[in-house]
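Analyst: Hello! Send me your questions about this structure, and I will take them one at a time.

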Amino acid sequence: MRAVVQTVAEAEVTVDGASVGKIGEGLLVLVGVTHTDGDDEARWIAEKIWSLRIMEGERSASDNEAPILLVSQFTLYADTRKGRRPSWNAAAPGPVAEPLVEAVAARLRALGAHVETGKFGAMMRVSSVNVGPNTILLER
């Protein structure tokens, strides 16, 4: 499982012009799932996101009670080593990935996070105002 975590002043996901998830100051998290991922990876990455000290003053989202906008992102598993067209072979198919992205959101909520999400499998427009900019790649 991979996640790109960004500190943001605000972030929003829209689908067909309608907002489906929106936060103020917090974390925008893009999550990708591969074939071998399971509940352990989902739990680990959620706990890492919640406790990662990347916000101002070396504080975590947990410390700040910061909201999280979680967006599924299969393209995090793009393989661009050959040719000009990315391969998506390492990305888990929807029936595998969707429950694991939902498990990450559920674990974050269980830890006390306010979590907004995108819409799995939809063509989403993600907008954000980055702070720092501060972008961290997590992988398990």
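User: Where does Thr-14 lie, and does it count as buried or exposed?

Analyst: Thr-14 sits in strand β1, residues 2-15; strands here are DSSP runs of E with at least two residues, helices are runs of H or I with at least four, and both are numbered from the N terminus. Its relative accessibility is 18%. With a 1.4 Å probe and protein chains only, buried means under 20% relative accessible area, exposed over 50%, and partly exposed in between. Thr-14 therefore counts as buried.

User: What kind of model is this, and from which number are the residues counted?

Analyst: It is a predicted model, where local features need pLDDT of at least 70, side-chain atom pairs count only at pLDDT 80 or more, and totals for chains, interfaces and linings use all residues. Side-chain values use heavy atoms, leaving out hydrogens and water, and residues along each chain are numbered from 1.

User: Which residues is Thr-14 in contact with, leaving aside its neighbours within four places in sequence?

Analyst: A contact needs heavy atoms within 4.5 Å. With neighbours up to four places along the sequence set aside, Thr-14 meets Ser-19, Val-20, Met-123, Met-124 and Arg-125.

User: In what order do the elements of the chain run, and how many helices and strands are there?

Analyst: Starting at the N terminus, the order is β-β-β-α-α-β-α-β-β. The chain therefore comes to three helices and six strands.

User: What does the C-alpha trace span, what share of the residues is buried, and what share of contacts join residues at least 24 apart?

Analyst: The C-alpha trace spans about 40 × 35 × 25 Å along its principal axes. Of the 140 residues in the chain, 41% are buried. For contacts between residues at least 6 apart in sequence, the share joining residues at least 24 apart is 74%.

User: How much space lies in the largest pocket, and which element gives the most to its lining?

Analyst: On a 1 Å grid over the protein atoms alone, using a 1.4 Å probe, a pocket is an open set of points with protein on both sides within 12 Å along at least five of seven lines, and lining residues have an atom within 4 Å of a point. The largest pocket holds about 330 Å³, and among its 19 lining residues the closest to its centre are Ser-72, Gln-73, Phe-74, Ala-122 and Met-124. Two or more lining residues come from each of β3 (26-32), β4 (68-72), α3 (94-111) and β6 (124-139). With three residues, the element that gives the most is α3.

User: What volume does the second largest pocket have, and which element supplies the largest share of its lining?

Analyst: The second largest pocket has a volume of about 170 Å³. It has 13 lining residues, and Val-101, Glu-102, Thr-117, Gly-118 and Phe-120 are nearest its centre. The elements giving two or more residues to this lining are β4 and α3. The largest share, five residues, comes from α3.

User: How many aromatic pairs are there, and what is the geometry of the rings of Phe-74 and Trp-88?

Analyst: Rings of Phe, Tyr and Trp (its six-membered ring) pair if their centres lie within 6.5 Å; planes under 30 degrees apart are stacked, over 60 edge-to-face, and the rest tilted. The count is one aromatic pair. Phe-74 and Trp-88 have ring centres 5.2 Å apart and planes at 75°, so their geometry is edge-to-face.

User: How far apart in sequence are the parts that this pair ties together, and how do Phe-74 and Trp-88 count by accessibility?

Analyst: Phe-74 and Trp-88 both lie in the loop between β4 and α3, so the pair ties together parts that are 14 residues apart in sequence. Phe-74 has 48% relative accessibility, which makes it partly exposed. At 36%, Trp-88 also counts as partly exposed.

User: Where is Arg-53 found, and what does it touch beyond four places in sequence?

Analyst: Arg-53 is in the loop between α1 (39-51) and α2 (61-64), and at 53% relative accessibility it counts as exposed. Its C-alpha is 8.6 Å from that of Asp-63, ten residues away in sequence. Beyond four places in sequence, Arg-53 touches Glu-58, Arg-59 and Ser-60.

User: What is the phi of Asp-16 and of Glu-58?

Analyst: Asp-16 is in the loop between β1 and β2 (18-23) and, at 79% relative accessibility, is exposed. Glu-58 is in the loop between α1 and α2 and is exposed at 54%. Neither is a glycine, yet phi is positive in both: near 55° for Asp-16 and about 55° for Glu-58.

User: In which strand does Pro-133 lie, and what is omega for the peptide bond from Gly-132 to Pro-133?

Analyst: Pro-133 belongs to strand β6. The bond from Gly-132 to Pro-133 is cis, with omega near -10°.

Note on methods:
Grid points are joined across faces, edges and corners, and a volume is the space filled by probe spheres set on the points.
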